[in-house]
Amino acid sequence: MNQTVTVNISGIVFHIEVDAYEELKKYLNKIKSYFKNSEGCDEIMTDIEARIAELFSEKITSDNQVINSNDVEEVVGIMGKPEQYLDEDEEEQQQKEQNSSNQKRKPYRTAKKLFRDPDERMIGGVASGIAAYFGINPIWVRLGFALTVSFGFVTYFILWAIIPEAKTASDKLQMKGDDVNIDNIGKTFKDEATKISDDLKKNGQQYGKKAESILEGFFSFLLQIFNGIFKVLGKVFGVLFIIVGTFWLVGLVGMLIGSETIFSITSDGIFSIESSDFFNLIFVSENQFHMAMVGIMLAVGIPIITLLYAGVRLLFKIKTHYSIGLGLFIFWIIGVAMCGMIGIRMATELTQDESVNDVEVISDEIDDFYISANTDENPGEGILEDRYSIISLDEDSIYINDIKLNIYKSKTDSMELKVIKSSSGKSRKDATNNAKMISYGYAINDSSIFLNNFLATIKENKIRGQQVRMKLYLPVGKSIYLDRSLKRILYGIENVTNTWDYDMLEEKWVMLEDGLTCLDCDDIDGVTTSELDSIRLYEPIIEEE
Amino acid sequence: MYCNLICNASMKIENTKAQMRKGVLEYCILSILKSGEAYPSEIIEKLKAGKLIVVEGTLYPLLTRLKNAGLLSYRWEESKSGPPRKYYQLTKIGEEFLKELETTWDDLVKAVKLTRKAK
């Protein structure tokens, strides 16, 4: 028992067994793709189908109503497979190529095209196809891919996707290009000759005379040279595009998937990021993180792939479909939109800034203070470093070096240290909460003040622009020595001599009515120690009055 | 005729034969139609008898090309055993073209005979 289907061939209905039907369909498709580029393809197909219908009609008798695969095979045998009438069509195709390319073709050589070679393949036939294109042994191309490991790996799959497979006989011939042999030379010569005689007939005798002129010959020679230069330039750019594109692609994939440091421009850290940890600390949820990953992959990856693709197109003549470009464009738009959405979400995470203050009142019995800071490196592993701040990470905490100290004149006679912890958040409450979660260590011990150079917060709080700002209020008459360790912490301290923060280090500064003044600085006009003593004696008297 | 890797000698001979056959195929089709109109199957019968073609599929693109070149025209006729058939016939241009081909052919045959004798 066999299942049958009903088909309509040239207006006649046939019952045909399923496998026979498949066979017939395959055969017709093959012919169709063979004649695809010929003039009058539809007409040829209709004629062939009509003949097949006629042949089938002869098979149908009152005893046998169904077409089986034997019948199909027989008909295919009568009609012949496309390979069997290749020779008739080859000439026609060549003529067409000649007409369209108008003599630009190199003489005695048919145009080569890049295909994947399914006959010689190890994986996808990419290497063997490239080898066939250049007429070399595939082993060298494979060696090239193998030697460049991951680099070659990525390139291989991109090329696999882009280069079409050589499916038909004519593809395979084009893949290798015709050999230069007597037959081909003779054939091409004949074609050229008939073409030239046609041209002569069309354009009359005058054209013939013109064509022979020396000037014409000279210009066509120049044209050929320019053509050559442009072709070479195209290939150079093609190679360049492929190399650069592949580097970028590997970099992008490494950045998004790997956990290695992605950027590390200088050792003292202009900018260096450890990827996955860092992303985890920025994004609110796992989903947001993945979405950002895909978004970046599309938005950045597609232009890179386009570059690679352009390189391949410059190097090899390959057939492409406009839908590839359209598809890439659509995906790129999607990627950009995803990045935009994440960006907006992130922005809302940081809309509000809030701070919390601690005020420490320091003993007013001491006159001379000493202030210094921790110079140890951040605990944990550094994930981001730039000129101004360092962010590091251990198992459960984030450490951020965003600490600044400024010194003001106290309005009272007591010395105060005001510690302002601030942070961003999506709401005021959220921001305040983030600020409260900052832990920052400092110590005040009699005359010495010790500051930490980093703040800490637990990982769950994420990186939300946490910072600590300190204001030291120094009463008139009291002095403070700024230790060298404050180098990164001092920020825009006003003083009477307009001395830069960095130059204020390792000096003793005293607060006078005018502002901070250096006592021991050689090149600065300051008050002497004896003058200071008189000021100290004098001031309490004023207070008492 | 094509060969997959390197054409060997016998393939080359086949190729030359195919080229020769191809050259006279159009001439033969026109000659067949000289005596009156015919539909593809009839033309195929005659060509097969002369061993000029092996498979029928070869004929259809040729007919289409000749028709598009204005050498042939056709009319439809109903068939008892299948779909309607195309009956091809020579146009005026076709007839003139055929005449030219006939002289060329005669010249060629003479030339071939001459060269053979000269040997």
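Of the 545 residues of chain A, 40% count as buried (under 20% relative accessible area with a 1.4 Å probe, protein chains only; exposed means over 50%, and partly exposed lies in between). The model is predicted, so local features need pLDDT of at least 70 and side-chain atom pairs count only at pLDDT 80 or more, while totals for chains, interfaces and linings use all residues. Residues are numbered from 1 along each chain as its sequence is written, chains are lettered from A and ligands numbered from 1 in the order in which they are written, and side-chain values use heavy atoms, with hydrogens and water left out.

Chain A holds 16 helices and 19 strands (DSSP runs numbered from the N terminus, helices being H or I with at least four residues and strands E with at least two). Its exposed surface comes to about 31,600 Å², with carbon and sulfur atoms supplying 57% of it (areas by the Shrake-Rupley method with a 1.4 Å probe; for residues, only the protein chains shown count as cover). As for contacts (heavy atoms within 4.5 Å), take those in chain A between residues at least 6 apart in sequence: 69% of them join residues at least 24 apart.

Strands β1 (residues 4-9) and β2 (residues 12-17) of chain A pair in the antiparallel sense over six bridges (two strands pair if DSSP finds at least two bridges between them). The two form a hairpin with two residues between them, and S10(A) in the turn has a positive phi of about 50 degrees. Within this pairing, V7(A) has F14(A) in β2(A) as its bridge partner. β2(A) also runs parallel to strand β3 (residues 66-67) of chain A, joined to it by two bridges; here H15(A) is partnered by V66(A).

Further along chain A there is an open sheet of four strands, in the order β6-β12-β16-β11, with mixed pairing. Its edges are β6 (352-362) and β11 (403-409) of chain A, each pairing on one side only. On average, neighbouring strands of this sheet are turned by 20 degrees against each other, direction ignored (axes are lines fitted to C-alpha atoms, for helices over the stretch in contact, and angles run from 0 to 180 degrees between N-to-C directions). Inside the sheet, β12 (residues 415-425) and β16 (residues 467-474) of chain A pair in the antiparallel sense over seven bridges, and E416(A) stands opposite Y473(A) in β16(A). Helix α14 (residues 428-436) of chain A packs on the sheet, where it touches β6 and β12 of chain A; the direction of α14 makes about 40 degrees with that of β6(A).

Another open sheet in chain A has six strands, ordered β13-β14-β7-β17-β18-β19, and its pairing is mixed too. The edge strands here are β13 (442-445) and β19 (515-518) of chain A, and the twist averages 25 degrees from one strand to the next. Four bridges join β18 (residues 507-512) of chain A to β19(A) in an antiparallel run, with M511(A) opposite L516(A).

Among the helices, α2 (residues 41-59) of chain A deserves a look. Its 19 residues reach 27 Å from first C-alpha to last, close to the 27 Å expected at 1.5 Å a residue (the expected span is 1.5 Å times one less than the number of residues). Of those 19 residues, 14 are buried, so α2(A) is largely enclosed by the rest of the structure.

Over all chains, the structure holds 18 salt bridges (a side-chain nitrogen of Lys or Arg within 4 Å of a carboxyl oxygen of Asp or Glu). One of them brings K86(B) and D47(A) together at 2.6 Å, N to O. This pair crosses between chains, from strand β2 (residues 85-90) of chain B to helix α2 of chain A. K86(B) counts as buried at 7% relative accessibility, and D47(A) is buried with a relative accessible area of 7%.

In chain B, R65(B) forms a salt bridge with E26(B), the closest N and O atoms being 3.4 Å apart. R65(B) lies in helix α3 (residues 59-68) of chain B and E26(B) in helix α1 (residues 9-34) of chain B, so the pair ties together parts that are 39 residues apart in sequence. R65(B) counts as partly exposed at 24% relative accessibility, and E26(B) counts as partly exposed at 25%.
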